[in-house]
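Okay, thanks for making time, everyone.

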Amino acid sequence: SSSAGASQRESFLDMSETKGVFMAVANRSELTDASVAEVGLLYSVSAHVKRVGYFRPIASHDQERRISLIREVFEMRDSPDVMIGVTEKEAMVALAQGEEEALTEKILRKWETYSKQHDFVVVSGLNQQTLPAHAKNLNV
């Protein structure tokens, strides 16, 4: 019924209990697939909350373009440095040294600091196709 649809839309648009969403795409190519979904979601949410954000737990150099795009489209004043947990290089070094727990803690600390400054944050997950085998569980 249309009233059920309206009720579902209203509950989706009530962001009072939602701080963010984690998005991960199994097959991502640069500035496609996930970027379109992320931008679309940020656009939809920005109509209902004041301070939207975008966070990449692990970002590679080429993904700085995505962060630049999102910063420009949504006029975010956040520094790109605070919008990422660690670089892909930092993550690979930590994993190679068996420091997965310390890596996870660092990313979570940066996420917590960043999310406190925003009403809603899209967290962009890792590309599962390009991750080394020992890093596959980082998206969990």
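Predicted model: local features only at pLDDT ≥ 70, side-chain atom pairs only at ≥ 80, totals over all residues.

Let's step back into the helix itself. α3 covers residues 64-73, and Arg66, Ile67 and Ile70 are buried there. Those three span an arc of only 100° around the axis, so they sit on the same side of α3.

Now the whole chain. You're looking at five helices and four strands. Reading from the N terminus, the order goes α-β-α-β-α-β-α-α-β. The protein has 140 residues, and 36% of them are buried. Its accessible surface is about 8400 Å², with 53% of that belonging to carbon and sulfur atoms. And how far apart in sequence are the residues that touch? If you take contacts between residues at least 6 apart, 73% of them join residues at least 24 apart.

Last stop, histidine 118. Find the loop between α5, residues 100-115, and β4, residues 120-124, and you'll see histidine 118 in there. Is histidine 118 buried or exposed? Its relative accessibility is 3%, so histidine 118 counts as buried, given that the cut-off for buried is under 20%.

And what's around it? Setting aside neighbours within four places in sequence, histidine 118 is in contact with Lys19, Arg51, Val52, Gly53 and Asp78.

Notes. Residues numbered from 1 in each chain as written. Heavy atoms only, no water. Buried < 20%, exposed > 50% of the residue type's maximum accessible area, 1.4 Å probe, protein only. Helix = DSSP H or I, 4+ residues; strand = E, 2+ residues; numbered from the N terminus. Arc of directions from axis to C-beta. Contact = heavy atoms within 4.5 Å. Areas by Shrake-Rupley, 256 points an atom, 1.4 Å probe, with all protein chains shown as cover.
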